[in-house]
Amino acid sequence: MVIGKDTRLSGYMIETALVAGFTSVGMDVLLLGPMPTPAVAMLTRSMRADLGVMISASHNLYDDNGIKLFGPDGYKLSDAVELEIEHLVDSDMSKKLAKSAALGRAKRIDGVHDRYIEFAKRTLPKNLSLDGLRVVVDCANGAAYRVAPAALWELGAEVFSIGTDPDGFNINKDCGSTAPEALAQKVREMRADIGIALDGDADRVVIVDERGHVVDGDQLLAVIAESWKDEGLLAKPGVVSTVMSNLGLEKFLRSLGIALVRTPVGDRYVLEHMREHGYNLGGEPSGHIILSDYTTTGDGFVAALQVLAVVKKRGEPVSKVCHRFDPWPQVTKNVRYSTGKPHEHRKVRSAIADAEKRLNGHGRLIVRPSGTEPVIRVTGEGDDRMLVEEVVDGIVDALNAVGA
């Protein structure tokens with residue numbers, strides 16, 4: 001099996017614990033060190049491992065940590081398999097321990113950074129060079145701090161790097177895709193053509209144009225979808241995204257003859273739908289872009305390379321290339337709750353029904369609990385921002401009234 005990690009301090013502890021556990025049952029372990037999540041998925045498959053583990057809490061700060069598990073095909077394990085693993089963890093594992101002579105071995109693997117760099121470069125046409133482009137890349141003091149700047153330089157770009165000095169504590173801190181302000185400032189300072197912000201494990205990306213304006217995942221999906229349609233690369237005339245994707249994206253894609261297929265929130269659902277129905281492009285507004293011709297999970301850096309390829313091909317500034325549609329006004333407010341399901345209360349349902357009546361088909365509402373914290377997220381979208389804010393506030397008031 002292979003184990004990769006990002007740069008947070010607790011990664012050392014978890015890595016050591018995993019090595020002890022896996023070798024104790026006779027498994028051999030290959031340690032990759034700090035590597036992007038998509039690199040671990042790719043290496044699990046290319047090194048013919050039985051299991052891949054990425055130690056990361058993605059875009060969270062250093063205090064948090066967790067693991068992502070990949071099967072031998074490079075895809076994340078299913079919910080059912082992960083649930084089975086949880087049951088095993090809580091059970092008596094003593095009978096599965098290996099005899100002394102059958103213990104596994106662990107070793108660190110050299111050259112894995114070069115493998116991923118070559119893999120990423122091969123997602124672009126052989127004759128494409130980034131020569132002449134000034135690129136600022138923010139690696140969030142995370143897993144891509146070595147590979148992303150090196151790959152951009154090898155492709156011919158003039159590279160300026162920030163967020164490449166991890167100390168175990170500064171991952172995602174005031175940098176990366178969740179805090180692109182530092183990148184925007186650096187782009188303006190260096191008069192760069194483009195800024196690329198990855199998150200802590202590099203499975204997400206946002207872009208900053210030459211003026212320092214942030215470009216989200218919906219615009220990136222539009223750029224790639226239009227380019228791939230022109231080049232005949234779309235497997236099906238559709239893009240898979242979540243319910244949170246902007247209505248402006250849906251209208252733009254429809255004008256190109258491309259459907260926007262919405263799934264429940266979460267990259268796992270996007271990928272499952274892509275695999276089940278044969279789509280090769282999907283993603284989320286957060287910048288988690290899945291290009292299944294190349295990767296088995298979201299890869300922020302490979303998605304950024306696709307955008308750079310379009311910029312080079314068109315010879316236009318990033319501000320023009322990456323503004324494919326005008327986003328509809330969207331308002332999101334969070335309501336924290338303690339117990340129960342306040343969003344299912346009859347008063348809240350009534351407020352939602354009234355809000356939908358007021359929008360009258362000129363927008364939409366999404367009211368859902370967060371998957372990671374006790375929060376109800378209320379999102380409204382429509383062509384009249386003032387009206388959207390009013391209907392969202394009405395639902396928030398209803399949630400507060402029922403004790404959320």
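Predicted model: local features only at pLDDT ≥ 70, side-chain atom pairs only at ≥ 80, totals over all residues.
User: How many salt bridges does the structure hold, and which residues do the salt bridges that share partners join with Lys5 into one network?

Analyst: The structure holds 23 salt bridges, and in one of them the side chains of Lys5 and Glu15 meet at 3.3 Å, N to O. Lys5 lies in strand β1 and Glu15 in helix α1, so the pair ties together parts that are 10 residues apart in sequence. Both Lys5 and Glu15 are buried. Salt bridges with shared partners extend this into one network, in which Lys5 is joined with Glu15 and Arg108.

User: How many residues apart in sequence are the parts that Arg268 and Glu82 tie together?

Analyst: The side chains of Arg268 and Glu82 meet in a salt bridge of 3.6 Å, N to O. Because Arg268 lies in helix α9 (residues 267-277) and Glu82 in helix α3 (residues 79-89), the parts that this pair ties together are apart in sequence by 186 residues.

User: Is Glu226, which meets Arg324 in a salt bridge, buried or exposed?

Analyst: The side chains of Glu226 and Arg324 meet at 3.0 Å, N to O, with Glu226 in helix α7 and Arg324 in the loop between α11 and β15. The relative accessible area of Glu226 is 13%, and since the cut-off for this class is under 20%, Glu226 counts as buried.

User: Which residues does Phe169 touch, not counting residues up to four places away in sequence?

Analyst: Phe169 lies in the loop between β7 and α6 and, at 40% relative accessibility, counts as partly exposed. Together with Leu9, Tyr12 and Tyr62, Phe169 forms a nonpolar patch on the surface, with about 400 Å² of accessible area together. Not counting residues up to four places away in sequence, Phe169 touches Leu9 and Tyr62.

User: Which are the edge strands of the open sheet of 5 strands?

Analyst: The strands of this sheet follow the order β7-β6-β8-β9-β10, with mixed pairing, and within it β6 and β7 pair in the parallel sense over 5 bridges. The edge strands, each of which pairs on one side only, are β7 (158-162) and β10 (214-215).

User: Which side chain of opposite charge is nearest to Arg368?

Analyst: Arg368 has its place in strand β16 and touches Met244, Val265, Val375, Ile376 and Arg377, not counting residues up to four places away in sequence. Arg368 is buried yet has no salt bridge. At a distance of 7.4 Å, the nearest side chain of opposite charge is Glu284.

How values were computed
Residues numbered from 1 in each chain as written. Heavy atoms only, no water. Helix = DSSP H or I, 4+ residues; strand = E, 2+ residues; numbered from the N terminus. Buried < 20%, exposed > 50% of the residue type's maximum accessible area, 1.4 Å probe, protein only. Lys, Arg positive; Asp, Glu negative; His and termini not counted. Salt bridge = Lys/Arg side-chain N within 4 Å of Asp/Glu carboxyl O. Contact = heavy atoms within 4.5 Å. Patch = residues over 30% accessible without salt bridge, like charges linked within 9 Å, V, L, I, M, F, W, Y side chains within 5 Å. Areas by Shrake-Rupley, 256 points an atom, 1.4 Å probe, with all protein chains shown as cover. Pairing = 2+ DSSP bridges.
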